[in-house]
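Subject: Structure handover and notes

Dear colleague,

Here is the structure I promised to pass on to you, with my notes below it. Please read them with the model open beside you.

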Amino acid sequence: MKQQTLQSELVIEGIGLHNGLKSIIKIKTAPQNSGIIFEHEGTQIQALYSNVSNTQNCTLIEKEGVTVSTIEHLMASLYFKGIDNAFIECSNPELPILDGSAKVFLEHLKNIQLKQQEAPRKYLEVLKPVKFEDESGNFIELSPPTTKGLHIYFEIEFPSKIVGKQIFDNLVTNQVFEREIAPCRTFCEKYQIDYLKSIGLIKGGSLQNAVVLDGESILNEEGFRLKNECVNHKVLDLIGDLYTSSYHILADVKAYRTGHYHNNMILKKLFETTDNYTIL
Ligand SMILES: [Zn+2]
């Protein structure tokens, strides 16, 4: 496979989840081997795990005091659309939250023309198991691939029965991503929202861009889009975060109750030693 970029510019508009302000991104063509680069206020920030400086509620990259946040749903969409190189101008330090999933990004990206470049796509194959576990026993582990692709096993468990225990266990192909993962929205508990609002965050948050759980009920009238929407959204975040490796990772991934923090830590561990992987 060769690397690809966009043939022409793509503009996507929405609002930032926390500041509630208009957010316009312009996704542009970029030279081969440049990877995904965000730009805000004249500063370019490579979408790289080593530039991630905050993993609370979203993945935020930072350089010289300039930040761009909530990159994960777009990153996952670029990954599956096969975009290796892109330059993304951001009007707001927060990417548009849209409907809280990758559905809208993917719809926009579906209609664009891609340009094939000369350099081969960058693949990384995991050679040794690499594991990161936090003090609560939540963990993520990358192992050598049994399928020559990205196979994800993800398990979550919540006390409320409306979520309960959910498992995703599949090879993530384009079709699986489009049908089962991309439409799955961010979810949270109502009490978390009340708290975040009280400290001046999620000004742009609404039932239009998140699934909100309140004990044993769901506040969104339409309910869940998919039965396992919660765990599948965690898979979406994981795929987007793994793309901050700048590679298409070939591995079996096992994740238990993890989030952006763990996704970042596992990449740091993976790249600690070249014994862990090979570049294809
Ligand atoms: Zn997310």
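Glu-39 stands opposite Glu-89, a residue of strand E9, in a model that, please bear in mind throughout, is predicted. The two strands concerned are E4, which covers residues 36–40, and E9, which covers residues 86–90, and they pair in the parallel sense over four bridges. Both belong to an open sheet of five strands, in which the order is E2-E3-E9-E4-E5 and the pairing is mixed. At the edges of this sheet are strand E2 (10–15) and strand E5 (43–46), each of which pairs on one side only, and from one strand to the next the twist averages 25°.

A second open sheet is made of three strands in the order E6-E7-E8, and here the pairing is antiparallel. Strand E6 is joined to strand E7 (residues 60–63) by two bridges, the two running antiparallel, and Asn-54 is found opposite Leu-60 of E7.

Turning to the division of the chain, domain 1 takes in 2–120 and domain 2 takes in 123–279. Their centres, taken over C-alpha atoms, are separated by 19 Å, and across the boundary 28 residues of domain 1 are in contact with 30 residues of domain 2. On the side of domain 1 that touches domain 2, the elements giving two or more residues are helix H1 (72–81) and helix H2 (103–110), with H1 supplying the largest share, namely six residues. Sorted by class, that side of domain 1 has 15 nonpolar, ten polar and three charged residues.

Helix H2 also has an inward-facing list worth checking in your viewer: Val-104, Phe-105, Leu-106 and Leu-109 are its buried residues. What covers these buried residues includes strand E2, helix H1 and helix H3 (174–181).

The largest nonpolar core has 77 residues, and those with the most contacts inside it are Met-75, Ala-86, Val-235 and Ile-239. Helix H5 (residues 229–242) gives the largest share of this core, seven residues. As general background, nonpolar side chains tend to be buried together in soluble globular proteins.

Strand E14 (residues 150–157) pairs with E19 in the parallel sense over six bridges, with Tyr-256 of E19 as the bridge partner of Glu-155.

Finally, there is Ser-246, which is found in the loop between H5 and E19. Is this residue, Ser-246, to be counted as buried or as partly exposed? A residue needs 20 or more other C-beta atoms within 10 Å of its own to count as buried, and 12 or fewer to count as exposed; Ser-246 has 18 C-beta neighbours inside 10 Å and therefore counts as partly exposed. Not counting residues up to four places away in sequence, Ser-246 touches Gly-35, Leu-48 and Lys-122. Glu-157, by contrast, is 89 residues from Ser-246 along the chain, and the C-alpha atoms of these two residues are separated by 30 Å.

With kind regards

Methods. Residues are numbered from 1 along each chain as its sequence is written. This is a predicted model: local features need pLDDT of at least 70, side-chain atom pairs count only at pLDDT 80 or more; totals for chains, interfaces and linings use all residues. A nonpolar core is a set of buried Ala, Val, Leu, Ile, Met, Phe, Trp, Tyr and Cys residues joined through C-beta atoms within 7 Å. Two strands pair if DSSP finds at least two bridges between them. Axes are lines fitted to C-alpha atoms, for helices over the stretch in contact, and angles run from 0 to 180 degrees between N-to-C directions. Domain bounds come from an automatic or database domain assignment. Two residues are in contact if their C-beta atoms, placed from the backbone, lie within 7 Å. Ala, Val, Leu, Ile, Met, Phe, Trp, Tyr, Cys and Pro count as nonpolar, Asp, Glu, Lys and Arg as charged, and the others, Gly among them, as polar.
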